[in-house]
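Dear colleague,

I am handing over the structure we spoke about, together with some notes on what was found in it. Please read the notes with the structure open beside you.

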Amino acid sequence: MSLVASRLPSPEEISELPPDELGLRLLRIVVDDQQGHLLSRSVVANPSYWADEFGEAGTSDQFIESMAEAWDWLILNRLVAMKPGAASIDGHAYVTRRGQAAAADARAQAVLRAEARLDVDLHERLARRVRRQFLLEEYESATFIAMREVEIRVRELAGYSHSDYGTSMVRNAFSPQDGPLRDPDQDRGEQEATSHLFAGAIGLFKNPSSHREVNFDDPALASEVVLFADLLLRMLDAIEERLKP
């Protein structure tokens, strides 16, 4: 069995793998084992090549399609790129800087999936700085900045001073009694729920990072916190519209 075949599961198992998992396996074989001949779609999706590796099982349509999808996923995610001057997508490629980092990162699959979560139209207050911090894998900074923007936005809309901050400020802003951001068309239960939602977000995801180091080592969790902040900011945009004369 060749080195390439020994680093991969059986053709039947390969056909069941999602493109990202299979693509990362191919990438690590290229980088770790210097199997540069795989940096070509004409090789990766070639039944003749895989027949030498796996026999007849490596020539099935399902297997070859899985390999082609994995290669296209590597291209799409900028882990490999076509060499300048390559005549077509079947030409020779190279591993990008992003690809080298992914090949060396045991969490690469989780990181890339988390990044894909944020590949959306983030709120303008988050789009540039927070996404940049996240792509640098500065997850604590990304989540802190995102929730701080929520806190700042509440303060601005409520008309409070810079000396007002934290969960107490947020609860005052959404107080069912006289909070400037409360919605008078909601019943009291909904008003209280809105207050709890915003105060809980600040208290859980922003305040701890203000006072101590918080280890956000799960990229999926960090991405969800950023998306939560995005939701809260969009809710605040709607509140701004409601408050306009």
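Tyr 49 counts as buried, because its relative accessibility is 16% (buried means under 20% relative accessible area, exposed over 50% and partly exposed in between, with a 1.4 Å probe and protein chains only). Please keep in mind that this is a predicted model, in which local features need pLDDT of at least 70 and side-chain atom pairs count only at pLDDT 80 or more, while totals for chains, interfaces and linings use all residues. Residues are numbered from 1 along each chain as its sequence is written, and side-chain values use heavy atoms, with hydrogens and water left out.

Tyr 49 sits in helix α5, residues 47-54 (helices are DSSP runs of H or I with at least four residues, strands are runs of E with at least two, and both are numbered from the N terminus). Apart from its neighbours within four places in sequence, Tyr 49 is in contact with Val 4, His 37, Leu 38 and Val 43, where contact means heavy atoms within 4.5 Å. The side chain of Tyr 49 also makes a polar contact of 3.3 Å with that of Glu 53 (a pair of N or O atoms within 3.5 Å; within protein, one must be able to donate a hydrogen and the other to accept it, and residues adjacent in sequence count only if both atoms are side-chain atoms).

**Helix pairs**

Helix α5 packs against helix α6 (residues 61-76) at an angle of about 110 degrees, and their axes are 11 Å apart; axes are lines fitted to C-alpha atoms, for helices over the stretch in contact, and angles run from 0 to 180 degrees between N-to-C directions. The two helices, α5 and α6, are therefore roughly perpendicular to each other (under 35 degrees counts as roughly parallel, over 145 as roughly antiparallel, 65 to 115 as roughly perpendicular and the rest as oblique). Pro 47, Trp 50 and Phe 54 of α5 make this contact with Phe 63, Ile 64 and Met 67 of α6, and by class it has six nonpolar, no polar and no charged residues (Ala, Val, Leu, Ile, Met, Phe, Trp, Tyr, Cys and Pro count as nonpolar, Asp, Glu, Lys and Arg as charged, and the others, Gly among them, as polar).

For helix α3 (residues 19-32) and helix α8 (residues 108-117), the axes come within 10 Å and cross at roughly 130 degrees, which makes α3 oblique to α8. Here Asp 20, Glu 21, Leu 24 and Arg 28 of α3 meet Ala 108, Gln 109, Leu 112 and Arg 113 of α8, and the contact of α3 with α8 has three nonpolar, one polar and four charged residues.

The axes of helix α10 (residues 139-158) and helix α11 (residues 166-173) come within 10 Å and cross at roughly 45 degrees, so that α10 is oblique to α11. In this pair, Glu 151, Val 154, Arg 155 and Ala 158 of α10 meet Gly 166, Met 169, Val 170 and Ala 173 of α11.

**Other residues to look at**

Thr 194, in helix α12 (residues 188-211), counts as buried at 14% relative accessibility, and it touches Phe 174 and Gln 186, not counting residues up to four places away in sequence. Gln 34, in the loop between α3 and α4 (41-44), is exposed, with a relative accessible area of 65%, and has a positive phi near 50 degrees although it is a residue other than glycine.
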